[in-house]
Structure formats: C-alpha cells, structure tokens
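Here is a protein model with some of the terms used to describe it.

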Amino acid sequence: MIYHQVLVVGGGLAGLRAAIETGDKLDVAVISRVNPVRSHSVAAQGGINGALANAENGRDDTPERHAFDTVKGSDYLADQDAVEIMTHDAPIRIIEMEHWGCPFSRTPEGKIAQRPFGGAGYPRTCYAADKTGHALLHTMYEQAIRRGVQVYEEWQVQRLVLENGKTRGVIAMNLITGQLEAFQAEAVLLATGGAGRVFARSTNSLIVTGAGQAMAYKAGIPLKDMEFIQFHPTALYGPSILISEAARGEGGYLKNNRGERFMEKYAPKAMELSPRDIVARSIQTEINEGRGFGDPGAGGYVHLDLTHLGKEKIMERLPAIRDIAMSFAGVDPIEKPIPIQPGMHYTMGGIDCNADGETVAEGFYAAGEVACVSVHGANRLGGNSLLETIVFGQRSGAAMLRYVMGLDKTRQGTIALEAALREEKERVEELLQRDGAENPGRLHEELRNTMFYKIGVFRQEEEMREGLEKVRELKDRVKKIHIAHKGRRYNLDLARNLELEGMVEMAEVIALGAITRKESRGSHYRLDHRERDDANWLKHTLAYRTDDGPRLDYKPVTITRYQPEARRY
Ligand SMILES: Cc1cc2nc3c(=O)[nH]c(=O)nc-3n(C[C@H](O)[C@H](O)[C@H](O)COP(=O)(O)OP(=O)(O)OC[C@H]3O[C@@H](n4cnc5c(N)ncnc54)[C@H](O)[C@@H]3O)c2cc1C
C-alpha cells in the first residue's frame, strides 16, 4: 500500500496549486492520468480575470466591481461570500503567477495586459496571447516539481474510499501496467476537472469525463447544481474546437446570413460581449429561424468576423485561433469569417464544497472545475474559471495543511482500503471477462447526443423527459458493454470504458435536475418556463445517489450585498 499524507487527484491548475501549498511542509503526491501539462487547463485560451486595473480604460476597476459582474453573470445563483473571496484574492494569485515566471502579455508600460471579456464592466482579463492556460500550467508545474511534489503520472483513480464519513484514500490503476493499487492518505483532494464529454459537441479534451464527480457521488457525497451546463457561443463548426471569447474581446463581430450584427437585437449595449448564455441563445435563435448558414438540421452556423481587426492584431493577439481556423476549417480569419456554432463548454455544478474546498466528509476536498463552491452559479463569466482554479486550489491546499497538522491518529483504514482494492480488482476482472452485447463506443455516442440534443441550449419538459428515459435505458445497457481488447498494458479501451457507468450517472443527475427546476436561470433556459423564479428557485440543487437514481434536495444561496435584479446587458 502506497502512503502519502496528502493525495491530490488531478494535475491541472487546481490540483497543482493545492499541492504547491502543502508541498514544503507535508508529504504530498499528485496522481494524474496524463502528464500534468497535458491536463485540459493547458487548452485555455482567452485569459484569467482579476481587478488589476492595468488597462487604460479600466483604471477604476475594483474587486467589488468584479464581484458584482460575477454575481450578475451567475444570474444570482452564486454564493456571494465565495465570490467576494475569489475576486479579492484574484490580484494576489495572478501576481504570484507573474512572480513565478508566467509569461503574460504586457501593456506598453510593462504591466500585465488586460482585455475586455463578456459580462465584465472593465477590461479585466489577463492573458498570454491566446495561450493563457499553456503559460499558467507550465509555470505551475515547474513550481510543483521545485517543491518536491511527487507525481504519479498515467495513473487513473477509480474510487474514493471513505469509512464512517472519514477519508482513507483512493484505489488507482497504473495505466502502463494495468496494476491496481491502494493509496492511503490523511486528506484527498479531487481536482479532476469537468464533465464535458457527457455531451456531444464539446470543446473539452477527451479526458474530461466527470470521473471525479462520479467517484464522489458514488461515495455518498452530494453534487450541486449539475443542471447548469455552459454552452460556449463560438465553437468551430464541425469539430467543436473552441474559438476563444478573446476573439470578440479583441473586437470580433458575430454576423448572420444577411451580414447583420444580430446581437444588437438581443443585447444592444454589450453586443458581442454579453455573457455566454445570452450570446449562445442568440446564435442558436438566428440558426433556428433560418438566418444562419448551412443546414440548420445538421447544426447550422453563423460567422465570427475578425477581418476588420487587421493582420497585425490577429497575428499578435490571436495566433492560435488563426492556426485552428486554418487547420480545421480551411479559413484564414485575416481574410474570411470563421464558421461557428454553440458547443458544450463548462460544468458549472460539481462536488458540493465550501470556499476551503471542504465537503461533508472529513479529509475530503474538491477544487477547480470538479467542485461547486459556488462562484459561477447558473452561468460562468469567461476568465473566471482559471481564476477559480488558482484561488480555491490555494485555499484548499491551506485547509488540508491545517487539517493534517491537527490529526493525532494517522494511517487509519487499512482494512477498508484492502477491501476496496479487492472489489475494484474484481470489477475490472469481470469487465474484461464479460461477453456483453453492447459496444461501448456506440453507447457513449448515444449518451452524448441525447444530452446535447435533449438537454441543450433550449430545454423543454417533454424533450428532457425523453432524454432522461433514454439515459435510464443506457444505465441498464452500460452493464452489458464488452471490452474488445483484453490486455493489461496500456489498455485505454479498458480505462476509458470503466468510466462509462459513471458518465451515465452524471447524465441522469443533470437531466433530473434540469427537469425538476421549473424556471429559466443563466444557462438553464426552458421554453416552457421562460422567466427566472426567485420565489421558488433561488436555491442550489443537491443530488444524492440512491439505488433508484438521484434523490434531489435543495439549499439556500448566500446573499451578502447584491440583491437579485433583472439581468440586462
Ligand atoms: C478549450 C478550453 C478553453 C478554455 N479557456 C478558458 C479561459 O480562457 N479562461 C478561463 O477562465 N477558463 C477557460 N476554460 C476553462 C478552464 O480551462 C478549466 O475550467 C480549468 O482549466 C479546469 O482546471 P482543473 O484544474 O479543474 O482541471 P483540468 O485542467 O481539467 O485537470 C484535470 C486533471 O485531472 C486528472 N484526472 C481526471 N480524472 C482522473 C482520474 N480518474 N484519475 C487520475 N487523474 C484524473 C487529469 O489527468 C488532469 O490532470 C477553458 C476550457 C476549455 C476546454
């Protein structure tokens, strides 16, 4: 049995930041199923928010203004005390990244450059061209290694082990050998990222599967607000690769097939820089009503036009966007508009935790996209997610340090871990031996299409019920999948498909939460309940696992100083 005082599952920005916080003082290890710098954080493009007030036209910006924009953007579902912590810590954590060597883009006077982003009153988004995640993650990895953090890379965690409400460790598979191992720890942090691949047309990496949410749920931890899924307005038509909001932040226009900047109908003031839920719905409406390009039945698209920005600006500020458009759509944005459509992008909900990453189980923590603190509520503002990872990564690292330092008994739960290891070995063996009739690849395709097309940008009762019924059918069928490749060494067929059951369960939680919430709020837009209903629904959804599917409960939203108002842009 492997032992570390602290185990961090996930080598993205949230996990590494937490490990750095404890690295000097405790024996901490990071487990990641890919080399940490290949985590989805590396793909982040547009930037990270903080009220640094560096931009010429942003000198009056403050953390309070950042908090207000975030709360309004969240459609008042975010917990305002947590938002205030995040916006207060933002400049501290961003400057820390600068001092650790992150190569941010600069203003002419040498300060960190900031660009405008959707739903923000000031240019507040710090960036490194359009490769911000790459710059942040490489810097963070360097700092973690420097502090002696041990990294188990290419290990996939399968199960969280709790005993009488206390954390004992995890069971993980070494992907290279196929060997399963028990890891014992005093504190475990899940920082495994979002659940993007439960949906079709996702901008997320293939490894973003909701594994952490599913693991926590199975261990009895409630998930919060899972029905809130962000659809990004601008995914490249076809492969759904993200075209960053920075393209609009730098002045890009959205145009329909009549050449009109249609956002003036939907959000006359903020236009293309409205929050994502509003822009995604506006684009989808243009497509649905025949003002898009291509076949609406096959998705359809509108244009993201950057041609007026000029070659120099595009080359300097958006070089990766240009590369993506040229390689995957055959379009050079210096000369022609980019074809885009809304795509699944971000999981606002997640493991229910507080601003120190603490959950209902002692010694079990969550941070980053897997967690729901909640700072994004019903709709996340662009640039706030990278910020969440470093702010709450740091805070949960500090909380684990305090917790472990205060323990008087350590290395508990050996028997529980050994039992869980045996069960996990049996589960893997059974799956490999099974002669099931279901093809896992096809089943996953049915799942993600059901979710995107039945519980998507626009939702309504009947369609969502059909979606939920389909998900429940898949819940039975997933028990009959077969694994074609039976080997042990680097068997990705096995590793990926071990997760399918959990993905189906996440789909069930999302669908049921969405059907039950009879209002429209942020990203959750119902054609049959078009208004926000604060009297009945200003509350967080909690989903608990039972053998008959999720049991839903609710808890209040924390309001400090921003009373809910109508949301106009
Ligand atoms: C294309 C794209 C662009 C984005 N751009 C921006 C942006 O400009 N600004 C912004 O604020 N946000 C952006 N976001 C969102 C933001 O990047 C993510 O929310 C954030 O990086 C998530 O970080 P994380 O540390 O929580 O998880 P991740 O970076 O996703 O890392 C998850 C880690 O968990 C590990 N893991 C997962 N499951 C297991 C398992 N079972 N066992 C072992 N390890 C496991 C993975 O190996 C990985 O190391 C973007 C997202 C995408 C997809």
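Q: What makes lysine 470 buried, partly exposed or exposed?
A: The relative accessible area of lysine 470 is 24%. Buried means under 20% relative accessible area, exposed means over 50%, and partly exposed lies in between (1.4 Å probe, protein chains only). Lysine 470 is therefore partly exposed.

Q: What kind of model do these values come from, and how are residues numbered?
A: The model is predicted: local features need pLDDT of at least 70, side-chain atom pairs count only at pLDDT 80 or more, and totals for chains, interfaces and linings use all residues. Residues are numbered from 1 along each chain as its sequence is written, and side-chain values use heavy atoms, with hydrogens and water left out.

Q: Why is the contact of glutamate 446 with lysine 470 called a salt bridge?
A: A salt bridge needs a side-chain nitrogen of Lys or Arg within 4 Å of a carboxyl oxygen of Asp or Glu. The closest N and O atoms of glutamate 446 and lysine 470 are 2.8 Å apart, so the pair forms a salt bridge. Glutamate 446 lies in helix α13 (residues 440-454) and lysine 470 in helix α14 (residues 461-477), so the pair ties together parts 24 residues apart in sequence. Helices (H or I, at least four residues) and strands (E, at least two) are DSSP runs, numbered from the N terminus. Glutamate 446 has 25% relative accessibility and so counts as partly exposed.

Q: How many salt bridges does the structure hold?
A: The structure holds 55 salt bridges.

Q: Why are arginine 115 and glutamate 250 said to tie together separate parts of the sequence?
A: Their side chains meet in a salt bridge of 2.8 Å, N to O. Arginine 115 lies in strand β4 (residues 114-115) and glutamate 250 in the loop between α6 (246-249) and β12 (253-255), so the pair ties together parts that are 135 residues apart in sequence.

Q: How do you know whether arginine 115 and glutamate 250 are buried or exposed?
A: Arginine 115 has a relative accessible area of 1%, so it is buried. Glutamate 250 has 6%, so glutamate 250 is buried too.

Q: What are the accessibilities of lysine 555 and aspartate 352, which form a salt bridge?
A: Lysine 555 has 28% relative accessibility and therefore counts as partly exposed. Aspartate 352 has 9% and therefore counts as buried. Lysine 555 lies in strand β19 (residues 549-556) and aspartate 352 in strand β15 (residues 350-352), so the pair ties together parts 203 residues apart in sequence.

Q: How do you know what span to expect of helix α3?
A: The expected span is 1.5 Å times one less than the number of residues. Helix α3 (residues 80-99) has 20 residues and reaches 29 Å from its first C-alpha to its last, close to the expected 28 Å.

Q: What is the bend in α3, and where is it?
A: The bend at a residue is the angle between axes fitted to the seven residues ending there and the seven starting there. In α3 this is about 40 degrees at alanine 90, and proline 91 follows within four residues.

Q: Why is strand β2 called largely enclosed?
A: Five of the five residues of β2 (residues 28-32) are buried, so the strand is largely enclosed by the rest of the structure. Val28, Val30 and Ser32 are on one side, and Ala29 and Ile31 are on the other.
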